[in-house]
Amino acid sequence: MDLPFDVTPLPACSPPSVDDQLPMAETTLVTAETWRAGEVPPADAAGPITVVFHPMIGAFPTTYLYAGLAEAGVLETSRVVGVTVSDPYAIAGFLREHGHPATIASDPQRALATATDLSLPLDGLPGLTAHRPAVFVTTPDGTIRYRWVADEWPQFPAYPEIAEAVSGVRGGR
């Protein structure tokens with residue numbers, strides 16, 4: 001396939017694995033309508049939680065990622081919490097524009113990305129990092145039941161696998 005951009009391998013990383021606890025951190029949680037302090041993963045969740053690390057708002061992979069989650073039904077069947085370096089203004093605008101029923105954590109200090117080893121150095125920009133694309137489906141207590149982590153840029157998860165993992169958590173598996 002002839003792509004209009006280069007696909008680049010990403011450096012190795014060591015994020016949490018299936019059956020590990022996803023590290024929790026407090027940050028600003030943004031919806032289309034509100035901002036508030038909260039935790040990722042949210043401590044008040046009652047069902048499956050899908051935590052999605054992604055590039056900044058406005059990057060085509062982020063738009064494509066949420067469209068894939070919506071098409072697979074994940075946005076409606078689990079509590080989706082995105083994590084990005086973007087500011088709350090950009091996040092709220094993105095959620096309003098696309099009508100996604102998700103919450104996105106603004107992580108400009110990269111605390112969540114660092115805690116999960118998903119901080120990705122940007123080529124040619126010393127000291128600047130982004131969030132490596134990754135998806136975790138967890139139980140309400142934060143136990144990881146599914147993990148996907150990009151190993152090249154750009155790369156996208158298998159959305160049916162995420163939907164299946166959400167279904168498994170819903171069914172108690």
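Two strands are taken to pair if DSSP finds at least two bridges between them; helices (H or I, at least four residues) and strands (E, at least two) are DSSP runs, numbered from the N terminus. The model is predicted, so that local features need pLDDT of at least 70 and side-chain atom pairs count only at pLDDT 80 or more, while totals for chains, interfaces and linings use all residues. Residues are numbered from 1 along each chain as its sequence is written, and side-chain values use heavy atoms, with hydrogens and water left out.

Strand 6 (residues 103-106) pairs with two strands. With strand 2 (residues 25-30) the pairing is antiparallel, over three bridges, and T28 stands opposite S106 of strand 6. With strand 5 (residues 79-84) strand 6 runs parallel, joined by four bridges, and G82 stands opposite I104. Between strand 5 and strand 6 the chain passes through helix 3 (residues 88-98) in a right-handed β-α-β crossover, meaning that, with the strands pointing away from the viewer, the path from the first strand over the helix to the second runs clockwise. In a regular strand the side chains alternate between the two faces of the sheet. In strand 6, T103 and A105 point one way and I104 and S106 the other, and all are buried (under 20% relative accessible area, with exposed over 50% and partly exposed in between; 1.4 Å probe, protein chains only).

Helix 1 (residues 60-71) has twelve residues and spans 17 Å from first to last C-alpha, close to the 16 Å expected at 1.5 Å times one less than the number of residues. Its buried residues are P61, T62, L65, Y66, G68 and L69. Viewed down the axis of helix 1, these buried residues fall within an arc of 155°, so they line one face; the arc is that of the directions from the helix axis to the C-beta atoms. Just after helix 1, G73 has a positive phi of about 85°.

Two loop threonines were examined. T116 lies between helix 4 (111-115) and strand 7 (119-121) and is buried, at 2% relative accessible area. Beyond neighbours within four places in sequence, T116 contacts (heavy atoms within 4.5 Å) S14, P15, P16, L22, P23 and F53. The T116 side chain reaches the backbone oxygen of L112 at 2.8 Å.

T139 lies between strand 9 (134-138) and strand 10 (144-149) and is buried, at 13%. Residues up to four places away aside, T139 touches G47, I49, R145 and V169. The side chains of T139 and D141 form a polar contact of 2.4 Å (a pair of N or O atoms within 3.5 Å; within protein, one must be able to donate a hydrogen and the other to accept it, and residues adjacent in sequence count only if both atoms are side-chain atoms).
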